[in-house]
Amino acid sequence: MFCGQCGFTIAPGVRFCAKCGKAVAPASPMPPANAPTPPPRATTAATRTAFATAARGD
Ligand SMILES: [Zn+2]
């Protein structure tokens, strides 16, 4: 295994690069969990339209 930052050879089982100190990624890849689903905006738009209609007095 090699350090992804400096390329230093890292012994198996070591979790930090001995040269630059960067944390080494684990052998098992983890699924990305940085894709949050944005909340629906339909409710907000409908509420805004309702307020606008009430303000106009239709
Ligand atoms: Zn390194």
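Modeller: What follows takes the labels one by one and sets each against its definition.

This is a predicted model, in which local features need pLDDT of at least 70, side-chain atom pairs count only at pLDDT 80 or more, and totals for chains, interfaces and linings use all residues. Residues are numbered from 1 along each chain as its sequence is written.

Biologist: Where is I10 placed?

Modeller: I10 sits in the segment before α1 (42-56). M1 also lies in the segment before α1.

Biologist: Why is I10 called partly exposed?

Modeller: A residue is buried if 20 or more other C-beta atoms, placed from the backbone, lie within 10 Å of its own, exposed if 12 or fewer, and partly exposed in between. I10 has 18 other C-beta atoms within 10 Å, so I10 is partly exposed.

Biologist: Why does M1 count as partly exposed?

Modeller: M1 has 14 C-beta neighbours inside 10 Å, and therefore counts as partly exposed. Of the 58 residues of the protein, 2% count as buried.

Biologist: Which residues does I10 touch, not counting residues up to four places away in sequence?

Modeller: M1, F2, C3, C17 and V24. Two residues are in contact if their C-beta atoms, placed from the backbone, lie within 7 Å. I10 and V24 are 14 residues apart in sequence, and their C-alpha atoms are 8.5 Å apart.

Notes: Helix = DSSP H or I, 4+ residues; strand = E, 2+ residues; numbered from the N terminus.
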